[in-house]
Amino acid sequence: MHMGFTAEESAFRDEVRAFLAENLPEHVREGARNTPSVFVEPDIGDEWQRILFEKGWLGYHWPKEVGGTGWDPVQRYIFEKECALADAPSLSVLGLKLVAPVIAAYGTAEQKARFLPRILDGSEKWCQGYSEPGSGSDLASLKTRAELDPDTQTYRINGSKLWTTHAHYADWMFCLARTNPDVKKQAGISFLLVPMHQPGITIRPIITLAHDHEVNQVFLDDAETHARYRIGEEGQGWEIAKFLLENERGGSCAAPRLLADIAKLRQAAGSAPSGSNGAYGHLDAVQARITALELEALALETTELRILADLKAGRRPGSQTSLVKLVASSLRQKIDEAFVDVFGVYGLQLPLERPLYGNSAPEPVGSREAQLATPTYLNGRAWTIFGGTNEVQKTIIAKTVLGL
Ligand SMILES: Cc1cc2nc3c(=O)[nH]c(=O)nc-3n(C[C@H](O)[C@H](O)[C@H](O)COP(=O)(O)OP(=O)(O)OC[C@H]3O[C@@H](n4cnc5c(N)ncnc54)[C@H](O)[C@@H]3O)c2cc1C
C-alpha cells in the first residue's frame, strides 16, 4: 500500500496551508489554543465557520450535490491535519458532520432545501437528542415518546434527553423518539427534527467537574414537531441513528491534533524546571513517556490513513472505527495527564471563569498553558464516554475483530 501523498495531494496541502496562514485570525487561534473543553465556544467556532463558508470549504463531509466540497477522504484528512497544525478551532460536529449527512441521505428534497443551507451558513445550530436517563449504551431502550395527531400531523413528544451538548445554543434538536411501543424496541423508534424554541422544551444546565457548561438535560413536555420534520419513515429511526453513529466515528482525523499536542507537551517539558538538574523534559523517564505517546499517535495515524484508503476505495471501515475511537480517546487522556505532571504545582490551578482567552480571562499563575492543564484534564475525562463508551467499543472489537 502506498502511504505517501500524490503530487496533487501535496499541492492541495500547500493550498490549505497558505489559506490558513492568510485567513485564520490570530484571536481565533488564541481562542482555540486556550479552550480546555472538547467543544470550542460559539464565538470562536462561529467566526471560523463564517470564514470557511465564504471560502466554500465547509461541507467536506457532505455529498457535492447538496453543497459539499467534493473532497475525497485524503483531502479531508489533509485539511484537518493542517487545521490542527495551525491551531484552528474544531468546528461543532452536530450540524455539519452529524445531522447534515443524514438529511442528505434520507431527507426529502424539501427537507434538504429547508435545513442544509442554514447548517452551512451557521444561521441554525443543532443538538443531538439520543441519550436519556437510563438509556446511553443501551440506546434502543429509550423511552421518549412521540405520538402523532392524525388531524394536525403533529407529533406530541414527552420525555427527557440527557448530556445534550450545546442544547443551550441550539435552534433544533435531532432526536430519537419512540413512535410505536408495541413492536421490537429497535423497530419502534423514529428520527425527528424538533424546534428548540417552544414552550414544551426546558433546558437544565449541567456544570461539569471542570466548571464548564457544555451539557444539559432537556425536558420535553408536550413538545411539538410537524410530521414533515420526520426524517425517513416512522420506525426507520434506528437504521438512521446507526448511519449517523458510523459517520461520527468513521473517517476520523484524531492523530494530527494529538501529535500537535504532543509537540506542545515536549516543548512545555523542555522549559519546566525539574527541581533538580535542568528542565523536567531532560529527564530520561520524561523523554521516554513523551516518546511512547508519540509512537502511539503515529501508529494511530497509520490506522487512520488505512481507513481513509478503504473509504477512498469504496470499502466500509467497519469496526476499525471502534479501534480508532478507543485508542484516540485513551491517548488524549494520557496526554492531558502528562501536561498536569509537567507543570507540577502550577498545573493544579482550576479557574472557575470562562473563557480562558480574551480580555476578561483570569490571570494565570505561571503560564496560560499551566492554567489550562487541570481544566483540560478534567474536561477530557469525557473522551472515553461520549460517542459510545470505551467499554462498549472493546465489546465491539472483541466480537467483530477477535471473533470472541
Ligand atoms: C461530555 C459528554 C457529552 C455528551 N453529549 C451528548 C449529546 O450531545 N447527545 C447525546 O445524545 N448524548 C451525549 N452524551 C452521552 C453519551 O453518549 C453517553 O454518556 C454514553 O453513551 C454512555 O451512556 P450512559 O452515560 O448512559 O452510561 P451507561 O450506558 O449507563 O454506562 C455506565 C458504565 O457502564 C458501562 N457499560 C454499559 N454497558 C456496558 C456493556 N454492555 N458492557 C460493558 N460495559 C458497559 C459503560 O462503559 C460505563 O462505564 C454525552 C456524554 C458526555 C460525557
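Student: How far apart are the C-alpha centres of domain 1 and domain 2?
Tutor: They lie 30 Å apart, with domain bounds coming from an automatic or database domain assignment. This is a predicted model, so local features need pLDDT of at least 70 and side-chain atom pairs count only at pLDDT 80 or more, while totals for chains, interfaces and linings use all residues. Residues are numbered from 1 along each chain as its sequence is written.

Student: How many residues does each of the two put into the contact?
Tutor: Domain 1 gives 4 residues and domain 2 gives 6; two residues are in contact if their C-beta atoms, placed from the backbone, lie within 7 Å. By class, the domain 1 side has 3 nonpolar, 1 polar and no charged residues. Here Ala, Val, Leu, Ile, Met, Phe, Trp, Tyr, Cys and Pro count as nonpolar, Asp, Glu, Lys and Arg as charged, and the others, Gly among them, as polar.

Student: And which residue ranges does the domain assignment give?
Tutor: Domain 1 is 7–91, domain 2 is 126–235 and domain 3 is 250–400.

Student: Switching to packing: at what angle do H4 and H9 cross?
Tutor: Roughly 145 degrees, and the axes of H4 (73–85) and H9 (284–312) come within 8 Å. Axes are lines fitted to C-alpha atoms, for helices over the stretch in contact, and angles run from 0 to 180 degrees between N-to-C directions.

Student: Which residues meet?
Tutor: Pro73, Val74 and Tyr77 from H4 meet Leu308, Leu311 and Lys312 from H9. That makes 5 nonpolar, no polar and 1 charged residues.

Student: Which residues touch the most other members of the largest nonpolar core?
Tutor: Met173, Leu192, Leu258, Leu265 and Val342, out of 95 residues. Such a core is a set of buried Ala, Val, Leu, Ile, Met, Phe, Trp, Tyr and Cys residues joined through C-beta atoms within 7 Å. A residue is buried if 20 or more other C-beta atoms lie within 10 Å of its own, exposed if 12 or fewer, and partly exposed in between, with C-beta atoms placed from the backbone. Helix H10 (320–342) gives this core its largest share, 10 residues.

Student: Now the backbone. Where's the cis peptide bond?
Tutor: Between Arg354 and Pro355, with omega about 0 degrees. Pro355 is in the loop between H10 and helix H11 (368–379). Most residues other than glycine have a negative phi, and most peptide bonds are trans.

Student: What's the phi of Asp222?
Tutor: It's positive, about 55 degrees. Asp222 sits in strand S7 (213–226).

Student: Is Asp222 buried or exposed?
Tutor: Exposed, because 11 other C-beta atoms lie within 10 Å. Asp87 has a positive phi too, about 60 degrees. That Asp87 is in the loop between H4 and helix H5 (93–106), and its 19 C-beta neighbours inside 10 Å make it partly exposed.

Notes: Helix = DSSP H or I, 4+ residues; strand = E, 2+ residues; numbered from the N terminus.
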